[in-house]
Amino acid sequence: MLSSLVKQHQIRQQIRKERQEKKKKEAIVAATALTHALVDHLNGGVAQAYINQKKLDTETKILQANAAQFSKQTLQWLKLVEDFNTAQKVSTNKDLTS
C-alpha cells in the first residue's frame with residue numbers, strides 16, 4: 001500500500017513536471033514571437049528614419065545649391081545697379097560741366 005502511494009505520487013509529480021515543461025516551452029515560443037514582432041516594428045521605424053534622413057540630405061543639397069545660385073545672381077544684380085548708378089553719375093557730372 002505504501003509503495004503504491006509512493007508510485008502514484010511519483011506519477012503525479014512526473015505529470016506536473018511535464019505540464020510545467022510544456023508551459024515553459026509555450027512561454028518561450030510566445031516570448032520569442034513577441035521579441036521578433038517588436039524588433040520588426042522597430043526596424044521598420046529605423047528604416048523609415050533612414051529614408052527620411054536621405055531625403056533631407058538630398059533636399060539640403062538642393063537648397064544649398066539654390067541659395068548659392070541666388071546669392072550669385074543677387075551679386076550680379078547689385079553690380080548692374082552699381083554700374084548703372086556710376087554711369088548715371090558720370091553722365092550727370094558731364095552734363096553739369098558742359
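Which residue forms a salt bridge with Lys79? The partner is Asp83, with the closest N and O atoms 2.9 Å apart. Keep in mind that this is a predicted model.

## The overall build

Start with the whole chain. Its secondary structure comes to 1 helix and 0 strands. The radius of gyration is 42 Å, well over the 13 Å that the globule rule gives for 98 residues, so the chain is more spread out than a compact globule. The box filled by the C-alpha atoms tells the story in another way: taken along the principal axes, it runs to roughly 145 × 15 × 10 Å.

Gln8 and Thr74 sit 66 residues apart in sequence, and in space they are 97 Å apart. Over a stretch of 26 residues, from Gln53 to Lys79, the spacing is 39 Å.

## What the surface looks like

How much of the chain is buried? Buried residues make up 0% of the 98 residues. The chain exposes about 9300 Å², and carbon and sulfur atoms supply 62% of that area.

Gln8, one end of the Gln8 and Thr74 pair, is found in helix 1. Its relative accessibility is 42%, so Gln8 counts as partly exposed, because that value falls between the 20% and 50% cut-offs.

## The salt bridge, up close

Back to Lys79 and Asp83. The count of salt bridges comes to 1, and this pair is it. Both residues lie in helix 1, which covers residues 2–97, and they are 4 residues apart, about one turn of the helix.

Is the pair buried or exposed, or something in between? Lys79 has 46% relative accessibility, so it counts as partly exposed. Asp83 is partly exposed too, with a relative accessible area of 35%.

## Charge along the chain

Which residues gather in a patch of positive charge on the surface? They are Arg12, Arg16, Arg19, Lys22 and Lys23.

## A nonpolar patch

There is a nonpolar patch on the surface as well, formed by Met1, Leu2, Leu5 and Val6. Together these residues have about 470 Å² of accessible area.

Val6 is the one to click on here. This residue is placed in helix 1, and its relative accessibility of 40% makes it partly exposed.

Within helix 1, Lys79 and Asp83 are 4 residues apart, and their closest N and O atoms come to 2.9 Å.

Conventions. Residues numbered from 1 in each chain as written. Predicted model: local features only at pLDDT ≥ 70, side-chain atom pairs only at ≥ 80, totals over all residues. Heavy atoms only, no water. Salt bridge = Lys/Arg side-chain N within 4 Å of Asp/Glu carboxyl O. Helix = DSSP H or I, 4+ residues; strand = E, 2+ residues; numbered from the N terminus. Buried < 20%, exposed > 50% of the residue type's maximum accessible area, 1.4 Å probe, protein only. Patch = residues over 30% accessible without salt bridge, like charges linked within 9 Å, V, L, I, M, F, W, Y side chains within 5 Å. Areas by Shrake-Rupley, 256 points an atom, 1.4 Å probe, with all protein chains shown as cover. Lys, Arg positive; Asp, Glu negative; His and termini not counted. Charge placed at Lys NZ, Arg CZ, Asp CG, Glu CD. Rg over C-alpha atoms; globule rule 2.2 N^0.38 Å.
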